[in-house]
Amino acid sequence: MLPYLVVSGLTTGSLYALVAMGLVVVYKATSVVNFAHGELFMVGGFLAYTFHVLLKLGYVASLLLAVIAALLLGLVTERIAYRPLMRAPAISLVLAAVGFSFVLKGAARQIWGGLGDYMPFPPVVATPAITLGSIILVPQQLVVLAGALICMGLFTAFFTSTRAGKMLQATAENAKAARLAGIRVERVYAFTWAAGAATGAAAAVLMAPLTFVYPDVGSPLLVKAFAAAVLGGFGSLPGAVLGGFSIGLIENLAGGYLHTSFTDISAFLVIMVVLIVRPTGFFGPRAVRRI
Amino acid sequence: MRILPGVLAIAIAVTLPFASPVAPASAQGTPGVTADEIRIGALGALTGPGYLYGRLIMNGAEVVFNEVNKTGGVHGRKIVLVREDDRCDAATAIAAAKKLIFQHQVFMLHGGGCSNASIAARPEIEKANVPWVVFASVADEVTLPTAPYIFSTALAASIESAAQLEFAQQQGAKRVAVISMRDAWGRARYNPLMEAFKRKSVTPVADEEMSPDANDATPQVLRLRQANPDAVIIVLYPKAAAVYMRDATKLGFKPTQIGQSALGDLLALREQVAIPNALDRFFTISQVRYTPEDPEMERWRGLVEKYFPGDRLSVYNLMGVASATVVVEVLKRAGKDLTRDRLRDELAKLKDFNTNIYPGVISCTPTDHQCHKTPAFMQLTGDKVKTVGVTTVTR
């Protein structure tokens, strides 16, 4: 049971991590928690459903198209819900994001799931589970895990190795200094929202074959991703990854070895304990107080 | 001269209730009954995801009422159905019930889809002494403790739960496990299921929990698999059930699986599970004996499509047809001098009434108003849904 619980936990955790990365990247650059991130994830899933199931395009092509479409949606989100309120109090930005999430959910219900339906997404790999002694391997899960790791790798490479990524980091570090250095900060903000939405969409497309696509799928995922980001130290990308994997693993192991009623609450119990012991999470900057 | 305005005011106050356009004048003083009309209030979700248990059932009921009206109505009175949307929401259901009772002044209510909404509306309806025939809400709290004017033609949750265990044992299962949701809906079924286990002196070999939002059922499936059950009783909503069935199939866990009426649409469930042969050993409860495709249902298929061109006959339409058949029967038995008390009395003594759509007969007593006790078990064979058994629950 243990090996399968671990593989399954890591698979789910990788998706939490990917969603959390999108949340963190927006937060790092703009200091805003994007409460519409779950719905951007959901729209990404529906876009993939449209391309793959309705238009019969290949899975990889659907993934790429969904990510590109989400990127554009991220830009629209920034233009509608963030930029006009850039100088407004933080609460206004939060409310705008929450409002936009409702708009996205309503639109999805209208377009794809008006009657509250949830759409099945065909498995990418039809191969049945492989049993090696006591170890069970489900090829579908391995594909999803590999896909999530590749996406994380690409995302990290973009941040550390490209000019745009470095501009983004510079803006996140100090927006005023970045502006003085000639970086067009507004453009960077827009790109940040787009990048966040794109990672959410990638996670949704990877997750879809394991579960369903439905208008309410974003909210529970946002909660898990938020928890992962908090556990990692909100603002840290490696922390978000570690937090995501940790939550996936904890959920599965607690559900498997304690009782299934612990599946949902176990991760939050651990987070509470971690935050009591280390309030800034795994990789959060230490709060320094000058006296 | 100063007296005139006062007299006018009194005259208006006295005559206004009779002139109100929403309160039809009653020939016998019974609200909602005139010389040529019986006004019935339909309460349920007309919009939102719960529309299956509201609008579609009402459509089925309205087909029956239309057909009765075509042949002259009940004792010369046409049935008029007034619908109110409860959106499966408790607060909205209370408002909708009040509107039907006090504004539309209906004679009786026929409805109740989502249990939470029906439970919330019950006190208002009970207080008003309006007869209510529940057509879909399954929670026992809707009908228990027994209220004089509230009757149900839906299978109660406790009856379904007992039938699930009964069916598992009929299939030869010695080791029975349970996977359930523990929200209000789940508890309404889970608690009576545990009582049924106790009554039979059986202990479930595994008792697992799953959240309605879960996207992964790996821990649940692995724990169930470890317990090695012959049968698993499923108390899950369709989405959670589809996730569970997907993961169970992926992991090669294939005991007999027994669902309940929330999983009544087997073709939809198969589409959602999306893995071939995943439902090979899956059985589920249906409130009605027939599938919509059954040739026996040809008449109703034609009528539903005639009156509601957008509808394709569904199990939910059939539930409405069956429940409305009961309503029409008791209205007939209550006679020409129709009162709410007469209707209540006729409902309370309805015995062995066959709708030919419910799997068994409808029988109520003055103390037991859960009148439907015979679930049908269905299985998917190829592309066809077949009735594989009928279980009458005795208490």
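Helices here are DSSP runs of H or I with at least four residues, strands are runs of E with at least two, and both are numbered from the N terminus. What you're looking at is a predicted model, where local features need pLDDT of at least 70, side-chain atom pairs count only at pLDDT 80 or more, and totals for chains, interfaces and linings use all residues. Residues are numbered from 1 along each chain as its sequence is written, while chains are lettered from A and ligands numbered from 1 in the order in which they are written.

- Helix 1 of chain A (residues 2–30) has 29 residues and reaches 41 Å from its first C-alpha to its last, close to the expected 42 Å.
- Helix 1 of chain A is mostly covered too, with 24 of its 29 residues buried.
- Just after helix 1 of chain A, A:Ser31 has a positive phi of about 60 degrees.

**The sheet in chain B**

- Six strands of chain B make an open sheet in the order 2-1-3-4-5-11, with parallel pairing. Two strands pair if DSSP finds at least two bridges between them.
- At the edges are strand 2 (78–85) and strand 11 (370–372) of chain B, each pairing on one side only.
- On average, neighbouring strands of this sheet are turned by 25 degrees against each other, direction ignored. Axes are lines fitted to C-alpha atoms, for helices over the stretch in contact, and angles run from 0 to 180 degrees between N-to-C directions.
- Strand 1 of chain B pairs with strand 2 of chain B over eight bridges, in the parallel sense. B:Glu37 stands opposite B:Lys78 in strand 2 of chain B.
- Strand 1 of chain B also pairs with strand 3 of chain B, parallel again, over four bridges. Here B:Ala42 faces B:His110 in strand 3 of chain B.
- Seven of the eight residues of strand 1 of chain B are buried, so the rest of the structure largely encloses this strand.
- Strand 5 (residues 150–155) and strand 11 of chain B run parallel and are joined by two bridges. B:Leu155 is opposite B:His372 in strand 11 of chain B.
- Helix 4 (residues 115–128) of chain B lies across strands 1, 3, 4 and 5 of chain B, running at about 155 degrees to strand 5 of chain B.

**Nonpolar cores**

- The largest nonpolar core has 137 residues, and B:Ile233, B:Tyr244 and B:Leu318 have the most contacts inside it. A nonpolar core is a set of buried Ala, Val, Leu, Ile, Met, Phe, Trp, Tyr and Cys residues joined through C-beta atoms within 7 Å.
- Helix 12 (residues 315–334) of chain B gives this core its largest share, twelve residues.
- Leaving aside neighbours within four places in sequence, B:Leu318 is in contact (C-beta atoms, placed from the backbone, within 7 Å) with residues including B:Gly60, B:Trp300 and B:Ile357.
- A second, separate core of 92 residues includes A:Phe212, A:Val213, A:Leu231 and A:Phe234.

**Where the chains meet**

- The contact takes 24 residues from chain B and 24 residues from chain A.
- On the side of chain B that touches chain A, helix 8 of chain B supplies the largest share, six residues.

- Most residues other than glycine have a negative phi, and most peptide bonds are trans.
- B:Leu144 and B:Pro145 are joined by a cis peptide bond, with omega about -5 degrees. B:Pro145 lies in the loop between helix 5 (140–143) and strand 5 of chain B.
- B:Cys88, not a glycine, has a positive phi of about 60 degrees, and is buried, with 22 other C-beta atoms within 10 Å.
- B:Gln105 has a positive phi of about 50 degrees and sits in the loop between helix 3 and strand 3 of chain B.

Technical notes:
Two residues are in contact if their C-beta atoms, placed from the backbone, lie within 7 Å. A residue is buried if 20 or more other C-beta atoms lie within 10 Å of its own, exposed if 12 or fewer, and partly exposed in between; C-beta atoms are placed from the backbone. The expected span of a helix is 1.5 Å times one less than its number of residues.
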